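Keep the sequence beside the structure as you read.

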Amino acid sequence: MPLGATVKTGCPPLSGPPSLTLPHRKRGEGNARSVLAIALILACAPAEAAGDKALGEYLSAECTSCHQSSGKQVGGIPAIVGHPAEQFVALMNAYRQRQRDNQVMQAIAARLSSEEIAALAAYYESLKPNP
């Protein structure tokens, strides 16, 4: 292709900002589409926000050195097996921000990424305590 040749595409020219006006619609038209789109986004959001259980299982080795894998509380160390994911994340963030007092947990939470905390939360929530 020679230098300076024009290529035809289906895209509008880049000479200025795109039009911000919406095509004219009758009142109420398109509302069903908007509601459906929002519903799909909300339905998919929990799946995207959920952590990767496989990664959580991999990372859990350090946790089980103190927290019992049986789900039983031993001494002053709380059980985390079966713990609701949202609460798990909130607790880990509280340790990360030093709002909860425990130097060991503060150090662990500080080095975990948000993705890793979500993965651990998903993994521990999926487990059932042994009777």
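Begin with helix H4, whose buried residues are Met105, Gln106, Ile108 and Ala109. Seen down the axis of H4, these residues fall within an arc of 170°, so they line one face of the helix. An α-helix has 3.6 residues a turn, so residues three or four places apart point the same way. The face of H4 turned away from the buried side carries exposed residues: Gln103, Val104, Ala110 and Arg111. What do the buried residues of H4 pack against? Their partners are H2, H3 and H5.

Bear in mind that this is a predicted model. The chain has five helices and zero strands. Read from the N terminus, its elements run α-α-α-α-α. Of the 131 residues of the chain, 23% count as buried.

Now turn to the pairing of H3 with H4. H3 covers residues 85-96, and H4 covers residues 103-111. How do the two helices cross? They pack at an angle of about 105°, and their axes are 7 Å apart. Angles of 65 to 115 degrees count as roughly perpendicular, and H3 and H4 are therefore roughly perpendicular to each other. On the H3 side, the contact is made by Met92, Tyr95 and Arg96. On the H4 side, Met105, Gln106, Ala109 and Ala110 take part. By class, this contact of H3 with H4 has five nonpolar residues, one polar and one charged. Met105, Gln106 and Ala109 are among the buried residues of H4, whereas Ala110 is exposed and sits on the face turned away from the buried side.

Stay on H3 for one more residue. Leu91 lies in this helix. Is Leu91 buried, exposed or partly exposed? Its relative accessible area is 29%, and Leu91 is partly exposed. Leaving out residues up to four places away in sequence, Leu91 touches His83 and Arg100. Leu91 can also be placed relative to H4. Leu91 and Met105 are 14 residues apart in sequence, and their C-alpha atoms are 9.9 Å apart in space.

Next, follow the chain into the loop between H3 and H4, where Arg98 has its place.

Beyond H4 comes another loop. Leu112 lies in it, between H4 and H5. Leu112 counts as buried, at 13% relative accessibility. What does Leu112 contact, apart from its neighbours within four places in sequence? The residues are Met92, Arg96, Ile117 and Leu120. Two of these, Met92 and Arg96, also belong to the H3 side of the contact with H4. Leu112 and Leu59 are 53 residues apart in sequence, yet 9.8 Å apart in space, C-alpha to C-alpha.

Finish with the cysteines. How many disulfides does the structure hold? It holds zero. Cys63 is in no disulfide, and the nearest cysteine sulfur, that of Cys66, is 8.9 Å away. A disulfide would need the two sulfur atoms within 2.5 Å. Cys66 is likewise in no disulfide, with the sulfur of Cys63 as its nearest. Their surroundings can be compared by accessibility. Cys63 is buried, with a relative accessible area of 15%, whereas Cys66 counts as partly exposed at 40%.

Methods
Residues numbered from 1 in each chain as written. Predicted model: local features only at pLDDT ≥ 70, side-chain atom pairs only at ≥ 80, totals over all residues. Heavy atoms only, no water. Axes fitted to C-alpha atoms, helices over the stretch in contact; angles between N-to-C directions. Helix = DSSP H or I, 4+ residues; strand = E, 2+ residues; numbered from the N terminus. Parallel < 35°, antiparallel > 145°, perpendicular 65-115°, else oblique. Contact = heavy atoms within 4.5 Å. Nonpolar A, V, L, I, M, F, W, Y, C, P; charged D, E, K, R; others polar. Buried < 20%, exposed > 50% of the residue type's maximum accessible area, 1.4 Å probe, protein only. Arc of directions from axis to C-beta.
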